[in-house]
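Colleague: I would like to learn how to read a structure feature by feature. Could you take me through one?

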Amino acid sequence: MDCIQQVFVVDDDEPVRDSIGMLLDAVDIPYKAYADAQSFLSDLQSDERGCLILDIKMPGMSGLELQKKLLQLDIIIPIIFITGLTKTEDEAHGFELGAID
């Protein structure tokens with residue numbers, strides 16, 4: 001797993017964050033978990049590298065809004081979107097911002 005430096009998990013649902021964390025722990029992948037997008041942005045260091053597991057639907061800043069903010073800040077990070085609920089227009093918006101299926 002040398003290619004994965006770290007995973008960032010951003011999801012407002014604590015059981016989901018905990019479950020993803022347990023999975024990452026099981027395969028020895030370091031991670032940081034955040035309950036909201038703003039906490040992630042506040043903690044993110046410019047030299048950190050990794051992958052982002054991101055919930056689409058969250059109170060405050062949504063996952064799609066965070067994706068847009070990261071692009072505005074010129075922060076390029078691979079994002080894996082997760083969600084319990086989604087609409088086709090959310091998916092389309094993600095693709096417009098550079099997501100791939």
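This is a predicted model: local features need pLDDT of at least 70, side-chain atom pairs count only at pLDDT 80 or more; totals for chains, interfaces and linings use all residues.

Colleague: Let us begin with strands. Which residues of strand E1 are on one side, and which on the other?

Modeller: Look at each face of the strand in turn. In E1, residues 7-10, Val-7 and Val-9 are on one side, while Phe-8 and Val-10 are on the other. These four residues are all buried, and both faces of the strand are covered.

Colleague: How many bridges join E1 to strand E2, and how do the two strands run?

Modeller: Four bridges join E1 to E2, residues 31-34, and the two strands run parallel.

Colleague: Now a loop. Is Asp-11 buried or exposed?

Modeller: The test is relative accessible area, and buried means under 20%. Asp-11 is at 3%, so this residue counts as buried. Its place is the loop between E1 and helix H1.

Colleague: Which residues does Asp-11 touch, leaving out those up to four places away in sequence?

Modeller: Asp-11 touches Val-16, Arg-17, Tyr-34, Ala-35, Asp-55, Met-58 and Ile-82. A separate check compares sequence with space: Asp-11 and Ile-56 are 45 residues apart in sequence, but their C-alpha atoms are 8.4 Å apart. There is also a polar atom of the Asp-11 side chain that lies 2.8 Å from the backbone nitrogen of Asp-13.

Colleague: Arg-17 was in that list. Where is Arg-17 placed, and what is the nearest side chain of opposite charge?

Modeller: Arg-17 is in helix H1, residues 14-26. The nearest side chain of opposite charge is Glu-14, at 4.7 Å, so Arg-17 has no salt bridge although the residue is buried. The side chain of Arg-17 does reach the backbone oxygen of Asp-11, at 2.7 Å. Setting aside neighbours within four places in sequence, the contacts of Arg-17 include Val-9, Asp-12, Ala-33 and Tyr-34.

Colleague: How many salt bridges does the structure hold?

Modeller: There are two. In one, Lys-32 pairs with Asp-43, and the closest N and O atoms are 3.9 Å apart. This pair links distant parts of the chain, with Lys-32 in E2 and Asp-43 in helix H2, 11 residues apart. In the other, the side chains of Lys-32 and Glu-48 meet at 2.7 Å, N to O. Glu-48 is in the loop between H2 and strand E3, 16 residues from Lys-32. Together, Lys-32, Asp-43 and Glu-48 are linked in a network.

Colleague: What is the relative accessible area of Lys-32, and what is that of Asp-43?

Modeller: Lys-32 is partly exposed at 28%. Asp-43 is partly exposed too, at 32%.

Colleague: Last, a helix. Which residues of helix H3 are buried?

Modeller: List the buried residues, then look down the axis to see where they fall. In H3, residues 63-72, they are Gly-63, Leu-64, Leu-66, Gln-67 and Leu-70. Seen that way, the buried residues fall within an arc of 160°, so they line one face of the helix.

Colleague: What follows H3?

Modeller: Asp-74 follows, and its phi is positive, near 60°.

Conventions: Residues are numbered from 1 along each chain as its sequence is written. Side-chain values use heavy atoms; hydrogens and water are left out. Buried means under 20% relative accessible area, exposed over 50%, partly exposed in between (1.4 Å probe, protein chains only). The arc is that of the directions from the helix axis to the C-beta atoms. Lys and Arg count as positive and Asp and Glu as negative; His and the chain ends are not counted. A salt bridge is a side-chain nitrogen of Lys or Arg within 4 Å of a carboxyl oxygen of Asp or Glu. A polar contact is a pair of N or O atoms within 3.5 Å; within protein, one must be able to donate a hydrogen and the other to accept it, and residues adjacent in sequence count only if both atoms are side-chain atoms. Contact means heavy atoms within 4.5 Å. Two strands pair if DSSP finds at least two bridges between them.
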